[in-house]
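Subject: Structure handover and notes

Hello,

Here is the structure for your files. My notes follow below it.

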Amino acid sequence: MKLSVQHGKVDLYHGSGGRAMVQLIDQIFLREFANPILAQKNDQALLALPGKRIAYTTDSYVVSPLFFAGGDIGSLAVHGTINDLAVGGAEPLYLSVGFILEEGFPLKDLRRIAQSMAKAAKKAGVSIVCADTKVVERGKGDGVFINTSGIGMMAREQSLSRTPQPGDNIIINGYIGDHGTAIISQRENLSFATTIASDSAPLHELTARMLRAAPSIRCMRDATRGGVAAVLNEWADYFKIGVLVREKTLPIRQQVQSACELLGLDPLYLANEGKVIAICPDDQTEALLKAMHSHPLGQKSVIIGQVTDDPLHLVQLETLMGGQRLVDWIAGEQLPRIC
């Protein structure tokens, strides 16, 4: 489907992580900014400098509310940028940050956000080395938006963008949908027996351990906007592979499942901010899982499915009843302003 660039307008679903967002990226940004590095469509750009290889990434954060169980817009911006570097096999080193502030935004909240960013960066071992601030008139923004860019050093020669093969295993490092549920439950004032907190966390130490244990990992991606479903559909489309996921192996907290049933949401499409999905050859999967289980962020790691030889390149879910259903691109926007 082609965008109507002359008459169309940006809509919420253009930021959903689904097909509409991919069309927007492909037909506007990739077309206008075309170059071989950008064409790889990774979460980071691998840059070759004399004697060095670095990864570079950028992202923007507009989450609402600004403060939520498990984090805030500041720590989220740091973790999200680190993770985009980490899933490319890079060691994060430096971050930049740009603030767009609305006139009237409380300085105490801005300081709280800055302190949160500083704490997250220090804990992850990265430095925020440059910054910029702009202020817009009252009513022209929504408190604060943050843009971050990150640079990391590649620790290996090969990039993590190798074509998966039928029989390869698909692995995730734990419960899905926590971040999306934390945000929506706070927006809707939903209460549960225990608080659902965002899974926002830096993944670089975990991914480094994963690559040491299984150097033949085909690819990795953090499942943010659009959730697990978006990542798997991107891979199926890009690598021309089929994917079969098993519902019985999906790690979902009962509170998250209950919230999804109440609100008519699908956990596969909910955003995560501390989850990495990897595709690994079967002969290295045991070593990979052992390494992941030894890290605090990987103790709940499981195999959720396999790569298949599907000529239609579909992502399908094997249900608890033994049937199969299509896991397509998200249609519209489940949860706007999620990150």
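Which residue just after α4 takes a positive phi? Asn189 does, with a phi of about 55°.

Some conventions before the rest. This is a predicted model, in which local features need pLDDT of at least 70 and side-chain atom pairs count only at pLDDT 80 or more, while totals for chains, interfaces and linings use all residues. Residues are numbered from 1 along each chain as its sequence is written, and side-chain values use heavy atoms, with hydrogens and water left out. Helices (H or I, at least four residues) and strands (E, at least two) are DSSP runs, numbered from the N terminus.

Helix α4

Helix α4 spans residues 178-187 and is mostly covered, with 8 of its 10 residues buried. Buried means under 20% relative accessible area, exposed means over 50%, and partly exposed lies in between (1.4 Å probe, protein chains only). The buried residues of α4 are Asp178, His179, Gly180, Thr181, Ala182, Ile183, Ile184 and Ser185. Their cover includes β3 (67-68), α2 and α7 (254-263).

Helices α2 and α3

Helix α2 (residues 73-86) also packs against another helix: its axis and that of α3 (residues 107-124) come within 7 Å and cross at roughly 35°. Axes are lines fitted to C-alpha atoms, for helices over the stretch in contact, and angles run from 0 to 180 degrees between N-to-C directions. On the α2 side, Ile73, Gly74, Ser75, Ala77, Val78, His79 and Ile82 take part; they meet Ile113, Ser116, Met117, Ala120, Ala121 and Ala124 in α3. Contact here means heavy atoms within 4.5 Å. The residues of this contact divide into 9 nonpolar, 4 polar and no charged. Ala, Val, Leu, Ile, Met, Phe, Trp, Tyr, Cys and Pro count as nonpolar, Asp, Glu, Lys and Arg as charged, and the others, Gly among them, as polar.

Cysteines

A search of the whole structure finds 0 disulfides, a disulfide being a pair of cysteine sulfur atoms within 2.5 Å. For Cys260, the closest cysteine sulfur is in Cys339, 17 Å away, too far for a bond. Cys280 has its closest cysteine sulfur in Cys219, at 10 Å, which is also too far for a bond. Cys260 is buried at 2% relative accessibility, and Cys280 is buried at 0%.

The structure holds 1 aromatic pair. Rings of Phe, Tyr and Trp (its six-membered ring) pair if their centres lie within 6.5 Å; planes under 30 degrees apart count as stacked, over 60 as edge-to-face and the rest as tilted. The ring centres of Tyr238 and Phe239 are 5.1 Å apart and the planes are at 80°, so this pair is edge-to-face. Tyr238 is partly exposed at 38%, whereas Phe239 is buried at 9%. Lys240 is in the loop between α6 (227-239) and β10 (242-246). Its phi is near 60°, a positive value in a residue other than glycine, and Lys240 is partly exposed at 49%.

Other backbone points

Lys41 has a positive phi near 55° and sits in the loop between α1 (19-32) and β1 (45-49). Lys41 is partly exposed, at 34% relative accessibility. A cis peptide bond joins Ser64 and Pro65, with omega at about 5°. Pro65 is in the loop between β2 (52-61) and β3.

Regards
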